[in-house]
Amino acid sequence: MKVPFATFRPMEQELEAEFKAAFDRVLSNSWYIGGKEDEAFEAAFAAYCGVDHCVGVGNGLDALMLILRALEIGPGDEVLVPSNTYIATALAVTYVGAVPVFVEPDLSTYNLDPNLIEEKITPKTKAIMPVHLYGQPCDMDPIMRLAKKHNLYVVEDCAQAHGARYRGKLVGTFGDAAGFSFYPGKNLGALGDAGAVVTNDPALADKVRALGNYGSDYKYHHVYKGHNSRLDELQAALLSVKLPHLDRMNAFRNQIAQRYLREITNPQVVLPRCLPDTACVWHVFALRCQRRDELEAHLAQQGIGTVKHYPIPMHLQPCYQELGLPKGSLPIAERISGEELSIPMYYGMTPDQVSWVIEAVNSFA
């Protein structure tokens, strides 16, 4: 049996007629940037998240970068980011001229360890950027307490956590603002690149919108040296088709995850753990195994697709050599990068496919 790491086909086939109707609607309107489709999606996503404002942007990296710019974080400033995440989180900090300061994760959840944050705070620190990695909410209460204690902004990276909840509240609603990615592989994915900023701060929302529109608050009037980062009408229309199905599709992913958690019993494999009183949305299902590459090869022989998230930690990437963080300086991130393996997790997996993955993992000797 073949089981791909991910495929969009079940979702695409189910929603095909609605996608085509949305495309036809955009085409007939003959308006492609900053129109009623964008306005409708922004309003719907803000309502879904339970916030006052949503600003559509070009992608998730831009969402984070524009928030930092709007908060006037820049050269000479530091932003605390997890050492274990996709590089876009750190790049957003770099793009505004600030310095990313890496904080190690909790090994059991892969997310930022609140107990390790305070020791990294300096007079230059301006913000904490927790990442709800793999669809698992961070432990936000202690993070928010630390931010309040030290007068720091909190910018949530929700690129992998659409619909995840921490103590009954959706992620993205704890900090000053949050950035979302709608890259096609996300739980709520566009059919191309797209992103959004959500916040309850009207001034911040207005500034993000202006910064993403060449720094313009109205046509040909430029308040800031801005960027070109806007959610186009077609992607907004397609996202509006998918948003009403997000919770149902997340519930489907959770059913797969619960089977994995119950039925994968191989002692060589460490299963992921969600914090109590959270609702994970399982963007990926991330195992750990000390013999990760051998497990990867074993699963490939069984026709099962896998992905390593992320095999080279950020501080060891060539582009961040200037930070002067040699191998061994962030051991938890390095351990995760050497052990993590994500197994298939997508809407539309059949029970037989899930069983095949479970059997294959358990048969790894």
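This is a predicted model: local features need pLDDT of at least 70, side-chain atom pairs count only at pLDDT 80 or more; totals for chains, interfaces and linings use all residues.
Reader: Okay, show me one. What does K149 pair with?

Author: K149 meets E118, at 2.7 Å from N to O. K149 sits in helix α5 (residues 140-150) and E118 in the loop between β3 (99-103) and β4 (125-128), so this pair ties together parts 31 residues apart in sequence.

Reader: Is K149 buried or exposed?

Author: K149 counts as exposed, at 57% relative accessibility, while E118 is partly exposed at 33%.

Reader: Which residue does D141 bridge to?

Author: D141 pairs with R167, at 2.4 Å from N to O. D141 belongs to helix α5 and R167 to the loop between β6 (165-166) and β7 (169-170), so parts 26 residues apart in sequence get tied together. D141 has a relative accessible area of 27%, which makes it partly exposed.

Reader: And what about K308?

Author: K308 bridges to E296, with the closest N and O atoms 3.5 Å apart. Salt bridges with shared partners also join R292, D293, E296 and K308 into one network.

Reader: Switching to the surface, which residues make the nonpolar patch?

Author: That patch, about 380 Å², is made by F23, L27, Y32 and I33. Y32 is in the loop between α1 (9-29) and α2 (36-49), and is partly exposed, with a relative accessible area of 41%.

Terms used. Residues are numbered from 1 along each chain as its sequence is written. Side-chain values use heavy atoms; hydrogens and water are left out. Patches are made of residues with over 30% relative accessible area and no salt bridge: like charges are joined within 9 Å, nonpolar side chains (Val, Leu, Ile, Met, Phe, Trp, Tyr) within 5 Å. Accessible areas come from the Shrake-Rupley method with a 1.4 Å probe; for residues, only the protein chains shown count as cover. A salt bridge is a side-chain nitrogen of Lys or Arg within 4 Å of a carboxyl oxygen of Asp or Glu. Helices (H or I, at least four residues) and strands (E, at least two) are DSSP runs, numbered from the N terminus. Buried means under 20% relative accessible area, exposed over 50%, partly exposed in between (1.4 Å probe, protein chains only).
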